[in-house]
Amino acid sequence: MASPRIAVIGAGIGGLTTAVALAREGVRCTVFEREAALPVAGGGIQLSPNATAVLHRLGLAAALTGAVRPVARELRRWRDNEVIGRLELGRAAEIRYGAPYCTMRRAALCRALFDAARRAQGDDAIRFRRRCAGVEHRGDGVVVRFDDGSEQRADAVIGADGINSVVGARLRAGPVRYSGHSVYRAVCPADRVPWLSVPQRVVVWLGPGRHCVTYPIDGGRTLNLVATVPEPMPPRAIREVSGSELLAAYAGWHPAVRGLFAVAGRFDHHGLFDRPVLPAWQRGRVAVLGDAAHPMLPFAAQGAAQAIEDAEALARCVPEPDGFARYEAARRARVERIAALARDGLRDHHLADGAEQRLRDDRLARVGPADLDWLYQDGHRPAARVAR
Ligand SMILES: Cc1cc2nc3c(=O)[nH]c(=O)nc-3n(C[C@H](O)[C@H](O)[C@H](O)COP(=O)(O)OP(=O)(O)OC[C@H]3O[C@@H](n4cnc5c(N)ncnc54)[C@H](O)[C@@H]3O)c2cc1C
């Protein structure tokens, strides 16, 4: 594909990173986003070194300027708050991986990616209120159809349109699966939770049927909080609830966790879904990345990280013959391993107290940096050439 003009569908973390990465390869693109604007609200995101290494390489280190670099990730027990396992992050991770482990506001990351994408591709390169309704090969190009009846011709289309991808629907996407769990997400001022604020850590409490994660954002002034709860049916839509609903769901848990819920006050509540990794990520002049290709449960904190890795790998492959096929060949095995790890978390994080839980805790206590090198080391591999 020589100097193609690409249509990217979706201005999430994956789509915006793709726009920046394509510019570095000298490829022009336009991003079409269904919403009217970038999200301004919302909580935090963890960005592991495999993702921040890509952002650094793409010239996006400034996007991480205000991010927190937590000193460690601790796994703790639900009832007594005892530490099960601890992984040093901070300086240790940065030295080991050449890039930091960061936590930050999701909206701040999107804003920084958006600004960088506009600088790289032009002010007009990101179009809001453009909802893709379908894509089809026509002649020697692809036509994107929008829900207002308009069309856009492109040399190729990259679907970065999330778990319910319209572009992915062309690629035999399997059904969206409800995990049987919902999440409650909130933020709260860190100074109201002094037992957790210093030193700045990612803390994960594991307990029967549920778990809870917190980490600092906004330069450490705020704590982000995600509590997972079993729920036979997902809430019909994102709804706002008070902390008391969550306190009931976490009866018997240690005051370090329950106190956090009491301070947070209000939560967004929504279901957790994934989908089997798509059997094909590309066909002809159409490819998908990020959640559009492999929406995963959040238990490995890798969905956005993998979208960022995809974006770089795909952009590098675009100018090559068989570019999209080479991208899939380069990325699939790693992504499938990570998606399986995330799905394992459904059971592993939620064991009832007993023999199996004790074995898990022994295993987690022994996890050291070397066990996570495969995950956190820079995920980019030069793309393998595949047969036409
Ligand atoms: C509770 C929770 C916590 C998480 N925590 C982490 C974490 O700490 N670290 C991490 O790496 N990942 C995390 N993730 C996963 C991460 O949020 C996703 O994997 C990531 O946002 C995927 O990015 P994306 O760009 O592929 O898709 P999305 O973020 O879904 O973006 C898709 C974009 O496409 C747009 N769009 C959709 N359809 C259309 C259409 N038809 N036409 C035009 N535009 C369209 C959408 O409006 C959106 O802007 C978490 C997920 C959850 C649920």
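**View 1. Helix H7 and the glycine that follows it.** Just after helix H7, Gly265 takes a positive phi of about 80°. The model shown here is predicted, and local features need pLDDT of at least 70, side-chain atom pairs count only at pLDDT 80 or more, while totals for chains, interfaces and linings use all residues. Residues are numbered from 1 along each chain as its sequence is written, and side-chain values use heavy atoms, with hydrogens and water left out. Helix H7 spans residues 255–264 and is mostly covered, with seven of its 10 residues buried; helices (H or I, at least four residues) and strands (E, at least two) are DSSP runs numbered from the N terminus, and buried means under 20% relative accessible area, exposed over 50% and partly exposed in between, with a 1.4 Å probe and protein chains only. The buried residues of H7 are Ala256, Val257, Gly259, Leu260, Phe261, Val263 and Ala264. An α-helix has 3.6 residues a turn, so residues three or four places apart point the same way.

View 2. A polar side-chain atom of Arg34 lies 3.0 Å from an oxygen atom of the ligand, and a backbone N or O atom of Ile13 lies 3.3 Å from an oxygen atom of the ligand. The ligand has 1,000 Å² of accessible area on its own, and the protein covers 87% of that; accessible areas come from the Shrake-Rupley method with a 1.4 Å probe, and for residues only the protein chains shown count as cover.

**View 3. Gly15 in helix H1.** Gly15 lies in helix H1 and is buried, with a relative accessible area of 0%. Not counting residues up to four places away in sequence, Gly15 touches Val8, Gly10, Val31 and Ala160, contact meaning heavy atoms within 4.5 Å. Gly15 and Arg111 are 96 residues apart along the chain, and their C-alpha atoms are separated by 13 Å.

**View 4. The nonpolar cores.** The largest nonpolar core has 89 residues, and those with the most contacts inside it are Ile6, Leu22, Leu47, Leu109 and Val157; such a core is a set of buried Ala, Val, Leu, Ile, Met, Phe, Trp, Tyr and Cys residues joined through side-chain atoms within 4.5 Å. With neighbours within four places in sequence left aside, the contacts of Ile6 include Leu22, Val27, Ala154, Ala156, Ile158 and Val318. A second, separate core of 26 residues includes Cys212, Leu223, Trp253 and Ala264.

**View 5. His294 and its partner Asp310.** His294 is found in the loop between strand E19 (286–288) and H8, and counts as buried at 1% relative accessibility. The side chains of His294 and Asp310 are joined by a polar contact of 2.6 Å, a polar contact being a pair of N or O atoms within 3.5 Å; within protein, one must be able to donate a hydrogen and the other to accept it, and residues adjacent in sequence count only if both atoms are side-chain atoms. Leaving aside neighbours within four places in sequence, His294 is also in contact with Val277, Trp281, Gln306 and Val335.

**View 6. Two loop residues with positive phi.** Phi of Arg129 is near 55°, a positive value in a residue other than glycine; Arg129 lies in the loop between strand E7 (126–127) and strand E8 (132–138) and, at 63% relative accessibility, counts as exposed. Phi of Asp322 is likewise near 55°; Asp322 sits in the loop between H8 and helix H9 (323–348), and counts as buried at 18% relative accessibility.
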